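Please read the following report alongside the sequence and the model.

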Amino acid sequence: MSRFWSPLVHDLVPYVPGEQPKLVNLVKLNTNEHPWGPSPRVIEAIQAEVSANLRLYPDPNADALKNKLADYHGVTAEQVFVGNGSDEVLAHIFYGLFQHGKPVLFPDITYSFYPVYSGLYGIEARLIPLDEQFAVRPEDYSGDCGGIIFPNPNAPTGRLMPLADIETIAANNPDVPVVVDEAYVDFGGESAIQLVDRYPNLLVTQTLSKSRSLAGLRVGFAIGHADLIEALERVKNSFNSYPLDRLAIVGAVAAYEDETYFREATDYVIRERERVTAALQTLGFEVLPSVANFVLARHPGIAGADIAAGLRERSIIVRHFNKPRIENHLRITIGSTEQNDALLGALPEIVGYW
Ligand SMILES: *Cc1c(COP(=O)(O)O)cnc(C)c1O
């Protein structure tokens with residue numbers, strides 16, 4: 001029935017998320033979820049809201065959450081945009097800030113939603129190669145373009161760029177929006193939010209899906225100059241007045257009221273990441289230095305797809321990307337101690353102690 005489709009739908013190349021298997025009892029290390037549940041305060045807040053208010057529309061502006069995020073990050077509420085996961089925030093960024101009839105720049109190895117949004121909105125994507133060590137070279141991001149975007153730490157490499165390099169990119173490109181996608185910054189990075197008052201072209205996005213254990217709630221946000229935020233509000237209010245439901249708003253607010261839990265949850269992942277990295281290296285893997293809740297690793301003797309298949313036979317799933325430069329790598333989410341032990345216990349047989 002594709003004759004009913006709008007013409008541009010024929011050319012869409014949708015994003016393919018990591019598998020969410022229906023099977024239980026899998027060791028699921030493929031989509032960078034946190035091994036712990038959210039803070040108990042989040043659960044309480046959501047339960048109270050379910051009991052009290054589900055009949056009513058949510059606040060279209062989610063002011064309670066914007067105020068909480070503004071306080072937490074030391075900015076004003078006018079500098080905060082919230083959305084249904086940071087994926088939605090990113091979509092509005094591509095639509096509202098990157099359509100200037102010029103290419104948008106991002107790394108050749110990066111979050112695979114960027115090319116999808118480029119395609120959806122007809123924006124030319126110019127891929128900037130990472131260096132041999134998979135690091136971003138800040139001096140490569142310049143010239144005539146309509147926008148710049150990269151995650152920090154980058155995904156799926158896990159590599160962190162120093163704040164000084166982000167400042168270089170923002171300063172070298174004062175006339176284009178520079179977006180830093182900080183989905184993983186809480187696992188050891190330093191946020192560029194502290195730079196937004198000095199660089200009106202700098203916009204930072206974060207998500208509650210990873211470090212706050214709330215992938216199922218769908219909350220993300222952007223912080224930057226009020227003029228950038230205003231563009232996103234215009235797009236949002238032309239598309240969906242209520243992207244955040246009542247449960248998402250109260251749950252997200254509560255997540256920022258339990259700093260102790262947040263610290264423990266992120267420290268746990270960081271400790272496990274260091275343990276998993278060392279153990280993988282002992283098994284002969286090359287592991288990129290990660291500041292995220294995953295590691296990107298390759299074994300010099302065995303193809304990435306074969307290792308992924310071997311793990312799957314043992315009910316362990318990791319992410320393998322069939323893409324140039326990383327087709328032999330695996331992206332492995334840092335799970336609980338037990339999950340990580342299951343992975344490390346299964347690998348020697350698969351890689352034959354190379
Ligand atoms: C997970 C992730 C996101 C999206 O997060 P949601 O808030 O769950 O939509 C955005 N960018 C990167 C780099 C990610 O890894």
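The report begins with the basis of the model and then turns to its parts.

## Basis of the model

This is a predicted model, in which local features need pLDDT of at least 70 and side-chain atom pairs count only at pLDDT 80 or more, whereas totals for chains, interfaces and linings use all residues. Residues are numbered from 1 along each chain as its sequence is written, and side-chain values use heavy atoms, with hydrogens and water left out.

## Domains

The domain assignment divides the protein into domain 1 (2-37 + 259-351) and domain 2 (40-255); such bounds come from an automatic or database domain assignment. The C-alpha centres of domain 1 and domain 2 are 23 Å apart, and 30 residues of domain 1 are in contact with 33 residues of domain 2, where contact means heavy atoms within 4.5 Å.

## Nonpolar cores

A nonpolar core is a set of buried Ala, Val, Leu, Ile, Met, Phe, Trp, Tyr and Cys residues joined through side-chain atoms within 4.5 Å, with buried meaning under 20% relative accessible area, exposed over 50%, and partly exposed in between (1.4 Å probe, protein chains only). The largest nonpolar core has 52 residues, and those with the most contacts inside it are L65, I148, I166 and L202. Helix α7 (residues 246-255) gives the most to this core, with 6 residues; helices (H or I, at least four residues) are DSSP runs, numbered from the N terminus. This core draws at least three residues from each of domain 1 and domain 2. Apart from it lies another core, of 32 residues, among them A183, Y268, V276 and I332.

When neighbours within four places in sequence are left aside, I148 is in contact with residues including F98, Y141, I169 and V179.

## Helices α2 and α7

Helix α2 (residues 63-73) and α7 pack at an angle of about 20°, with their axes 9 Å apart. That makes α2 roughly parallel to α7, a label for angles under 35 degrees; the axes are lines fitted to C-alpha atoms, for helices over the stretch in contact, and angles run from 0 to 180 degrees between N-to-C directions. In this pair, A64, L65 and K68 in α2 meet I249, A252 and V253 in α7.

## G96 in helix α3

G96 lies in helix α3 (residues 85-97) and, at 28% relative accessibility, counts as partly exposed. Not counting residues up to four places away in sequence, G96 touches A231 and V235. The C-alpha atoms of G96 and E230 are separated by 9.5 Å, although these residues are 134 residues apart along the chain.

Methods:
Helix = DSSP H or I, 4+ residues; strand = E, 2+ residues; numbered from the N terminus. Parallel < 35°, antiparallel > 145°, perpendicular 65-115°, else oblique.
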